[in-house]
Amino acid sequence: KWTELERSTVKAIWEKIDIDEIGSQIWARVLIVYPWTERYFGSFGDLFTITAILKNVKVAAHGRMVLKALDKAVNNMDNMKRTYADLSRLHFQKLEVDPDSFRLLADCITITIACKLKSALSPQSQAIWQKFIYAVVDAMSSQYR
Ligand code: ZNH
């Protein structure tokens with residue numbers, strides 16, 4: 001269901017991304033723009049300002065872990081649901097993460113990447129990226145029932 005252009009575009013964008021650099025930036029956006037998401041991170045310490053979030057080592061580690069998991073989607077575009085079944089179940093049953101927040105995170109990922117790549121991310125590439133990241137959102141929501 002993915003065209004060759006879609007596959008190569010997603011891979012090309014992903015290759016330009018430095019996981020260690022943008023992990024914290026993504027979660028800074030999620031936590032500042034949607035402050036209620038803070039409730040999942042009670043053990044992470046001070047998350048009240050951008051500066052605090054950006055220097056929080058737990059946020060950095062969490063950001064890296066989530067982006068590493070995204071790497072699996074890039075490499076398994078044809079069976080994302082299976083790839084994320086366990087992770088989806090974990091977020092539903094154990095972490096009790098509201099599935100709406102997957103979309104909030106997805107949008108912050110797209111915006112952070114756009115800030116990074118600037119004009120190198122054409123409107124067409126962004127459209128393809130968004131289709132990809134919303135497929136990840138779907139897969140992460142698949143075990144909620
Ligand atoms: Zn999440 C965890 C991924 C989203 C919250 N995560 C996690 C992990 C992973 C992930 C891999 C680890 C697991 C284990 O340990 O085994 N996520 C992910 C992805 C996504 C997500 C891929 C999408 C795309 N999350 C999310 C959201 C939220 C979250 C949206 C909220 C807001 N997570 C979370 C938490 C946790 C996790 C809280 C736990 C952490 C700790 O504990 O450290």
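1. Overall size. With 145 residues, a compact globule would have a radius of gyration near 15 Å, and the chain agrees because its own value is 15 Å. The radius is taken over C-alpha atoms, and the globule rule is 2.2 Å times the number of residues to the power 0.38. Along its principal axes, the C-alpha trace spans about 45 × 40 × 20 Å.

2. Ground rules. This is a predicted model, where local features need pLDDT of at least 70, side-chain atom pairs count only at pLDDT 80 or more, and totals for chains, interfaces and linings use all residues. Residues are numbered from 1 along each chain as its sequence is written.

3. Fold content. The chain has seven helices and zero strands. Helices (H or I, at least four residues) and strands (E, at least two) are DSSP runs, numbered from the N terminus. Of the contacts with a separation of 6 or more, 74% join residues 24 or more positions apart. Two residues are in contact if their C-beta atoms, placed from the backbone, lie within 7 Å.

4. Burial. Buried residues make up 26% of the 145 residues in the chain. Buried takes 20 or more other C-beta atoms within 10 Å of a residue's own; exposed takes 12 or fewer; partly exposed lies in between; C-beta atoms are placed from the backbone. Look at Thr49, in the loop between H2 and helix H3 (50-54). Thr49 is exposed because it has 12 other C-beta atoms within 10 Å. The C-alpha atoms of Thr49 and Ala28 are separated by 8.5 Å, and the two are 21 residues apart along the chain.

5. H2 against H4. The axes of helix H2 (residues 19-33) and helix H4 (residues 57-75) come within 8 Å and cross at roughly 110 degrees. Axes are lines fitted to C-alpha atoms, for helices over the stretch in contact, and angles run from 0 to 180 degrees between N-to-C directions. The two helices are therefore roughly perpendicular to each other (65 to 115 degrees; under 35 is roughly parallel, over 145 roughly antiparallel, the rest oblique). The contact of H2 with H4 has six nonpolar, four polar and three charged residues. Ala, Val, Leu, Ile, Met, Phe, Trp, Tyr, Cys and Pro count as nonpolar, Asp, Glu, Lys and Arg as charged, and the others, Gly among them, as polar.

6. Ligand shell. Which residues come nearest to the ligand? Of the 18 around it, they are Thr37, Tyr40, Ala69, Ser101 and Leu105 (near means a C-beta atom, placed from the backbone, within 6 Å). H4 gives the most to this shell, with five residues. By class, the shell has 14 nonpolar, four polar and no charged residues.
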